[in-house]
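I opened my notebook to look up charged side-chain pairs. Here is what I wrote down along the way.

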Amino acid sequence: MILIIGGAYQGKTEYARSLGISDICDGASEDIYRVWEHSAVNNFQILVKRQLEAGLDSLEEAERLLQKNPDIVIISTEIGGGIVPIEKSERLWRETVGKVCCYLARKSSRVVRVICGIPTIIKETGDNN
């Protein structure tokens, strides 16, 4: 699995495409129970929000996703910076995205942070540890 992270509009999806990935679903609109069917999931942070709204455990869903498609590419916008939201649900969402992305980073063979269109590999292993 590959995890691609970075701020909004920084070139994360373009980087995934440069790897030859063309089957990229949108976590904002794809069926939350079928994302594993694609080569990549963009807007993973929105997928997590939708899972929370549906009453699902996002960490369990991430484990299930990796079981069904261990080669998937996850593209997530970093949402943990900036002003802490007043709404409890927004704080929970940020915390959950952070925890799930930490889990995915541990399981990934590669983690890439993209800033200004420049990819920086922050983890590279030969296996999915």
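Is Lys99 buried or exposed? I found Lys99 exposed, with a relative accessible area of 52%; exposed means over 50%, buried under 20%, and partly exposed in between, using a 1.4 Å probe and protein chains only.

A note on what I was reading: this is a predicted model, where local features need pLDDT of at least 70, side-chain atom pairs count only at pLDDT 80 or more, and totals for chains, interfaces and linings use all residues. Residues are numbered from 1 along each chain as its sequence is written, and side-chain values use heavy atoms, with hydrogens and water left out.

Next I looked up salt bridges (a side-chain nitrogen of Lys or Arg within 4 Å of a carboxyl oxygen of Asp or Glu). The structure has six of them, and I followed up a few.

Lys99 pairs with Glu95 at 2.9 Å, N to O. Both sit in helix α4, four residues apart, about one turn of the helix; helices are DSSP runs of H or I, at least four residues, numbered from the N terminus. Glu95 is partly exposed at 42%.

Then I turned to helix α3 (residues 58-68), where Arg64 and Glu61 lie three residues apart. Their side chains form a salt bridge at 2.5 Å, N to O. I noted Arg64 as partly exposed at 37%, whereas Glu61 is buried at 12%.

My last entry is the salt bridge of Lys49 and Glu90, at 3.1 Å, N to O. Lys49 is partly exposed at 23%, and Glu90 is partly exposed at 25%.

Conventions:
Helix = DSSP H or I, 4+ residues; strand = E, 2+ residues; numbered from the N terminus.
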